[in-house]
Amino acid sequence: MLDNSVLMRRALRWACETSGVATDNIHQLPNEALQKLQELTEAVSEDMRYNALKYFRPFDHQRRFFETGASDRRGILAANRIGKTVSTCYETAMHLTGIYPDWWTGHRFDTAITAMVAGEGWSQVAMVLQNELLGTQDVKMVDNLGTGAIPRSCLVLETMRGDGANAMGVEVLHRSGGRSYLVFANYTQEVRQMQGFKLNLAVFDEQPPDDFFSEIVTRTATTQGKILCSFTPLKGLNGLVSKFWNREEGYDFIRVAWDDVPEYDPWGEAFLLKSTRAQLERDYLPHEREARIAGRPVMGQGAVFQLRTWPTYTTGAYNFREIPGIQRVIALDLGLVNDRTVITLMYWHPHEREAWLHRQICVTGLEEANPTNYINHLLRPEVFGTPIVLPADAGTAGRYTMSALSIRELFEQYELNVVSKPIMNPPDAQGRTTNHKAYGINVMRQWLEAGTLHINENCVDFLREAQNYYVDPQGRFSDPDDTIDSCRYAVMACLQGIAEPWDNRTPRERMAAQRERYVSRPEPAAAWKKTFDPG
């Protein structure tokens, strides 16, 4: 709810604009005109108190968010104090009431809907979402109901369900003649309490837990409902933030930084002054500043690969045939039912200590269950003969093969160039070898930060996993990490000299050389049978 002084200033500005009077020239108006302007201002102020939706003026970045309405899942990843919650709440009010401004180009609901808005806890929901939508943090303060984004004339107050100061639900009149229903929820509720109802619209203020989000999204499945999200990405590039940031199919978002927001709002009121920004920047913790100021996912709190720009390249950017001294190796991370088998092809330049993660094949389902299917990838002429490294459990009989053979023995039957020992970390100063994951992860992190481990942009699963890779306080790495482990094994192979020079031959030449090995050659003639040539 806006205080009276703000309402009067906005009402005066609106009255002057609609009357064609410049605010600087008010004192020059005749007394009669000035009286009428004052009466109009007071009437507009009263109307504005309980009908804020009619007078809503968005920032440019809020309009950009509304224009993404064609997408089912929309997000606004934004800095603090830029009006991101205002954006989703005013759009929610439009959908609940069916009242859209003339400038609206986003999605429209032509009939009444069921909408749910959710936040991190009941107190947060009351202070932010309830206050923005209904105009009060305490529903017992009845006079304030309707001073938020939803006009008072549209609220069916006798249907209001509350629990103390908190609103639980209320009906809202829709322009079509029906009644929409607005539900308030919070992330601490048990997911099972969210089951069994349908939603046309779900709104999340700040990042929800993954299981909560999944359950609510399911409530919109049969209604082709819409999802609105607004958050400052302080929890890093994980969960829902990762889906938006990587623009997974069906997800659309805008990012808003302080630089995208003016100091004054569309009413000419001070909004986020530069002096305020400077003080806030000093107040924020260093690792939070990127998120709070620029709307970029926070780094430094458990993120393994703290990269803003990943050293990616496109297929064809490097002609590996023409790079002198180039080597290559293949590494596999083997999976069972809940994990994937990942095949990695890596190029390595030992003198420059530079590596290229060129290709990864992720094998799942029936193909993974029968290794003879994905062995075909390793028999292709362009990679056949490349050294292959396997993890320790590849020597366990029957573990991945559905037979008495181990995966290593099966590969050897196909005459693949399998390294005889399982891939481990390089020996330490005392000659001891371990398979601790942290060693290889740290090497990868250093190479990525130095830009000497290049990632083919087609390795999308690796990039997604790596950008979402975290370690908890107990030192446990997050899942999934199948593509990361496969790449890690390839890196360990490069460090230990297992990668072999590429012979720079075409597949046809390689097959001819293979045939030459098995075709017997005639023995040279004995010396006494040679013909003397006096020349």
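Which strands does helix α6 (residues 210-219) lie across? The views below are taken from a predicted model, and the first of them answers this.

**View 1. Helix α6 on the sheet.** Helix α6 lies across β1 (73-78), β2, β5, β6, β7 (226-231) and β8. The direction of α6 is at about 160° to that of β6.

**View 2. The open sheet of eight strands.** The strands follow the order β3-β4-β5-β2-β6-β7-β1-β8, and their pairing is mixed. β3 (155-163) and β8 (251-256) are at the edges; each has a single partner strand, so one side of each has no neighbour in the sheet. From one strand to the next, the twist averages 15°.

**View 3. Strands β2 and β6, with helix α5.** Strand β2 (residues 114-119) and strand β6 (residues 201-205) run parallel and are joined by four bridges. Within this pair, A115 stands opposite L201 in β6. Helix α5 packs on the sheet, where it touches β2, β3, β4 (166-173), β5 (179-186) and β6. The direction of α5 makes about 155° with that of β5.

**View 4. The largest pocket.** The volume of this pocket is about 1,300 Å³. Its lining has 44 residues, of which R81, G83, V86, E132 and F271 are the closest to the centre. By type, the lining residues divide into 21 nonpolar, 11 polar and 12 charged. Helices α1 (4-19), α2 (31-50), α4 (84-97) and α5 (122-134) each supply at least two residues of the lining. The helix that gives the most is α5, with five residues. Helix α5 also packs on the sheet shown in the previous view.

**View 5. Strand β10, covered on both faces.** Of the seven residues in strand β10 (residues 327-333), seven are buried. Q327, V329, A331 and D333 are on one side, R328, I330 and L332 are on the other, and all of these are buried.

**View 6. The partners of strand β10.** Strands of a sheet pair through backbone hydrogen bonds, in either a parallel or an antiparallel sense. With strand β11 (residues 341-349), β10 pairs in the antiparallel sense over seven bridges. The bridge partner of L332 in β11 is I343. With strand β15 (residues 500-501), the pairing is antiparallel over two bridges, and R328 has E500 as its bridge partner in β15. With strand β13 (residues 388-389), β10 pairs in the parallel sense over two bridges. Here I330 stands opposite I388 in β13.

Note on methods:
Residues numbered from 1 in each chain as written. Predicted model: local features only at pLDDT ≥ 70, side-chain atom pairs only at ≥ 80, totals over all residues. Heavy atoms only, no water. 1 Å grid on protein atoms, 1.4 Å probe; cavity = no way out; pocket = protein on both sides within 12 Å on 5 of 7 lines; lining within 4 Å. Points joined across faces, edges and corners; volume = space filled by probe spheres on them. Nonpolar A, V, L, I, M, F, W, Y, C, P; charged D, E, K, R; others polar. Pairing = 2+ DSSP bridges. Axes fitted to C-alpha atoms, helices over the stretch in contact; angles between N-to-C directions. Contact = heavy atoms within 4.5 Å. Buried < 20%, exposed > 50% of the residue type's maximum accessible area, 1.4 Å probe, protein only.
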